[in-house]
Amino acid sequence: THISDCMQSFLVSSASTGEWEYDVDTVTDQPDQLLVEDIIREKLFLHLDKEIPYVITQDTVVWEENHEGVLVIHKHLNCRSSMQVSIVIGAGGRIIQSIVAEAKEDIECLLQRPVDLTLVARFK
């Protein structure tokens with residue numbers, strides 16, 4: 001379209017010449033731990049209501065590769081009350097299990113390796 005052509009022309013004419021700051025294969029400059037935290041936060045927002053996703057903090061307890069090459073990630077989800085812990089876990093553990101399953105799939109896709117993800121909701 002005309003607008004996108006104008007925008008492209010403007011950007012090309014405004015760009016300075018020089019070496020690329022990042023390698024062509026670089027997707028982001030953010031560390032993997034931060035990307036994983038964001039994926040988990042996204043799943044919390046998708047599965048939980050109201051203020052709960054906003055107040056949950058995450059602590060990484062384990063981030064290491066095991067002898068089989070699997071990245072083992074254990075995180076604590078810190079809630080402000082025991083009621084919030086119950087809500088995050090859900091009836092029969094269904095909510096936290098869904099969060100783990102969906103986050104694990106996205107993390108494996110992002111990092112291109114198998115992941116063992118454990119999330120523990122706790123009152124802190």
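Two residues are in contact when heavy atoms of each lie within 4.5 Å. In this predicted model, that criterion gives Ile107 the following partners, once residues up to four places away in sequence are left out: Val36, Ile39, Ile73, Gln112, Val115 and Leu117.

Ile107 also belongs to the largest nonpolar core, which has 23 residues. Within this core, the members that touch the most others are Ile40, Ile56, Leu77, Val88, Ile107, Leu117 and Leu119. Several elements contribute: helices α2 (32-47), α4 (82-89) and α5 (94-111), together with strands β2 (71-79) and β3 (115-123), each supply at least two residues of the core. Helix α5 provides the largest share, six residues.

Is Lys43 buried or exposed? Its relative accessible area is 7%, and because the limit for buried is under 20%, Lys43 counts as buried. Its contacts, again without residues up to four places away in sequence, are Ile99, Glu102, Ala103 and Asp106.

Met7, Phe10 and Leu11 make a nonpolar patch of about 320 Å². One of these residues, Met7, is found in helix α1, which spans residues 2-14. Met7 has a relative accessible area of 46%. Exposed requires over 50% and buried under 20%, with partly exposed in between, so Met7 is classed as partly exposed.

Note on methods:
Residues are numbered from 1 along each chain as its sequence is written. This is a predicted model: local features need pLDDT of at least 70, side-chain atom pairs count only at pLDDT 80 or more; totals for chains, interfaces and linings use all residues. Side-chain values use heavy atoms; hydrogens and water are left out. A nonpolar core is a set of buried Ala, Val, Leu, Ile, Met, Phe, Trp, Tyr and Cys residues joined through side-chain atoms within 4.5 Å. Buried means under 20% relative accessible area, exposed over 50%, partly exposed in between (1.4 Å probe, protein chains only). Helices (H or I, at least four residues) and strands (E, at least two) are DSSP runs, numbered from the N terminus. Patches are made of residues with over 30% relative accessible area and no salt bridge: like charges are joined within 9 Å, nonpolar side chains (Val, Leu, Ile, Met, Phe, Trp, Tyr) within 5 Å. Accessible areas come from the Shrake-Rupley method with a 1.4 Å probe; for residues, only the protein chains shown count as cover. A salt bridge is a side-chain nitrogen of Lys or Arg within 4 Å of a carboxyl oxygen of Asp or Glu.
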